[in-house]
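The sequence and the structure follow.

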Amino acid sequence: MLDIQQLRSDIDTVAAALATRGVVLDTTAFQTLEAERKQLQTRTQELQAQRNTLSKQVGMLKSKGEDASAVLSEVGGIGDELKANEQALAELLARIDAFVCALPNLPAEGVPVGADEAHNVEVSRWGTPREFDFEARDHVDVGATLGGLDFDTAAKIAGARFAMMRGGVARLHRALAQFMLNTHIAEHGYTEVYVPYLVNADSMYGTGQLPKFEEDLFAVPKADGSTFYLIPTSEVPVTNIVRGEMVAAETLPLKFVCHTPCFRSEAGSYGRDTRGMIRQHQFDKVELLRIEHPDNSAAALEEMTAHAEAILRKLELPYRKIVLCTGDMGFSATRTYDLEVWLPAQRTYREISSCSNCGPFQARRMQGRFKNAQGKKGLLHTLNGSGLAVGRTLVAVLENYQQADGSVVVPAALRPYMGGVEVLEPVA
C-alpha cells in the first residue's frame, strides 16, 4: 500500500509515477474524499471536545448537589451526533483505504519507463546456447519419448493446464527442487520453512493479491462462510510471517527459502502457452524471501537475484537477466529483475525467475515493522524471488540436454540427487 501521507502532500508526483505504470490516478476523487474526511474529522473532534467539557460540568454540578439535567440533555444530544459522525467517518476511511489499496507500488528511481515487456532492458547474458546437429524438440515431445510426461491423463483427472510425470522425469523434477533448496540453504544462508498451502484473506491482502487480483486465485469456501485461498506462490504465507509483528532490527535480515506447489487460475492467459508446462494451474516453485532493513533492501535485491542465477549456472543453462520496465512490473514491486532461460525448441529466452523488491509496500499493508536498539520504529522492506520455478527448470533441462536418440543427459549438478543416474533413456 502506498503511503497515504505522500498522497496527501504530493499527489501530483504520485500521479506522475503511477502514469509510467499505465495507471491513471483519479486525483479529483481522492481530494474529494480527503476534503470530506477533514470536515468529518474536524467536526468529530469538536463534538468530542464539547462532550468532554460538558461531562466535566455535569461532575461539578453533581458534586455541588445542583441540578445537572439540562447539561445531561445537551450531552445526550451531542452523543447522538457524535455517534453518527464516528460511524460516517469509519465508513469514509474504509472507502479511502479501498481507493489506496487498489493502487500499485511506485517504481524505484532508475527503473526504465515503458508500457509493456517490449520496453524491458537486458542487463546481461550468461552461457552460449547449444547448437544442435539435429532438430531440437520441445519438452512435450522429449518427455513423451522418455515416457515421463503425460498431459492427456492429467487432463482426464483435472482438465487443461495440468501435467502428470512418471519415472525418471518425475524423479528429475524432485531432484531439481532438492538441489535448489540445498544450494540456497548451504551456500546462500537461507532458512528453510514449510508453510500452509491454504491461507486466509488477510494473508492475501497483506501481499497485494486481494482485493485487486481475486479472479487469478483459487478460492476454497469454508463451512463458516469464510474463504481459504490456494497460494499462488509461497511469497504469500512466508511474507505474512511478519504480519502484525515488531521485529528487532538486530535480527535483520530474515532470509527464508520455501518449496511449495503454486496454484493459479491464469484468468488472463486464454490461448497463451497452451502446450506443455510453461503456464499451468499447478506448478512447483522454490521461493526466496527476504525481510530487510530499509537501508539494505536495494543491495539485497542484487544479492538475491545472484542467488537465483547461481542455480542456472550450476545447471549450465544459458540465460539472460533483464530489468522490467514500469509497465511490466508486478503490482507490489518497486524494482524487478527477470531471469530468462534459453529454450532451444522455441529459440528464445523464457522467464524462469522473477526477483522483486517491494520496499515498504507490503509491510504497510501487513503492519510489519522493526524497532532498533534506540527504540526507533519503521516499516520493514520485503523482497521475493523465484529460486527457481521447478517446472520451467525441468522444461529447460529436457530441451537443452536432449540427445538425437531421444535420451536426456542429467546435468552433473543433479546426479547426486538422482542416485548417480547420468542419462534418462527413452522408453522402448
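## Charges over aromatic rings

Arginine 365 places its charged end over the ring of tyrosine 205, at 4.4 Å from the ring centre. A charge is taken to sit over a ring if NZ of Lys or CZ of Arg is within 6 Å of the ring centre and within 35 degrees of the ring normal. A lysine is placed in this way as well: lysine 321 lies over the face of tyrosine 337, 4.3 Å from the centre of the ring.

The model is predicted, and local features need pLDDT of at least 70, side-chain atom pairs count only at pLDDT 80 or more, and totals for chains, interfaces and linings use all residues. Residues are numbered from 1 along each chain as its sequence is written, and side-chain values use heavy atoms, with hydrogens and water left out.

## Overall dimensions and content

The chain contains 12 helices and 18 strands; these are DSSP runs numbered from the N terminus, helices being H or I with at least four residues and strands E with at least two. The C-alpha trace spans about 105 × 50 × 45 Å along its principal axes.

Of the 428 residues, 48% count as buried. Buried means under 20% relative accessible area, exposed means over 50%, and partly exposed lies in between, for a 1.4 Å probe and protein chains only.

## Aromatic pairs

A pair of aromatic rings is described by the distance of the centres and the angle of the planes. Rings of Phe, Tyr and Trp (its six-membered ring) pair if their centres lie within 6.5 Å; planes under 30 degrees apart count as stacked, over 60 as edge-to-face and the rest as tilted. By this rule there are 8 aromatic pairs. One of them is the stacked pair of tryptophan 126 and tyrosine 319, with 5.9 Å from centre to centre and 25° between the planes. Because tryptophan 126 belongs to strand 1 (residues 121–126) and tyrosine 319 to strand 11 (residues 319–323), the pair ties together parts that are 193 residues apart in sequence.

Tryptophan 126 is partly exposed, at 26% relative accessibility, whereas tyrosine 319 is buried, at 1%. Ring pairs also join Phe213, Phe331 and Phe361 into a cluster.

## Salt bridges

The whole structure holds 17 salt bridges, each defined as a side-chain nitrogen of Lys or Arg within 4 Å of a carboxyl oxygen of Asp or Glu. Glutamate 122 meets arginine 125 in one of these, at 2.7 Å from N to O. Glutamate 122 is partly exposed, with a relative accessible area of 34%. A network of salt bridges links Glu122, Arg125, Arg320 and Glu340.

In another salt bridge, glutamate 287 meets lysine 285 at an N to O distance of 2.5 Å, and both glutamate 287 and lysine 285 are buried. Glutamate 292 is bridged to arginine 290, with 2.9 Å between the closest N and O atoms; glutamate 292 and arginine 290 are likewise both buried.

## Helix packing

Helix 3 (residues 27–63) packs against helix 4 (residues 69–101) with the axes 8 Å apart and an angle of about 155°. Axes are lines fitted to C-alpha atoms, for helices over the stretch in contact, and angles run from 0 to 180 degrees between N-to-C directions. Helix 3 is therefore roughly antiparallel to helix 4. Angles under 35 degrees count as roughly parallel, over 145 as roughly antiparallel, 65 to 115 as roughly perpendicular and the rest as oblique.

The axes of helix 7 (residues 167–186) and helix 10 (residues 297–314) come within 11 Å and cross at roughly 130°, so helix 7 and helix 10 are oblique to each other.

Helix 12 (residues 390–400) is largely enclosed by the rest of the structure, because 11 of its 11 residues are buried. Among them are Arg392, Glu399 and Asn400.

Aspartate 150 lies in strand 2 (residues 149–150) and is buried, with a relative accessible area of 14%. Its C-alpha atom is separated by 7.9 Å from that of arginine 166, 16 residues apart along the chain. Aspartate 328 is placed in the loop between strand 11 and strand 12 (335–343) and counts as partly exposed at 27% relative accessibility. The C-alpha atoms of aspartate 328 and glycine 22 are separated by 9.5 Å, although the two are 306 residues apart along the chain.
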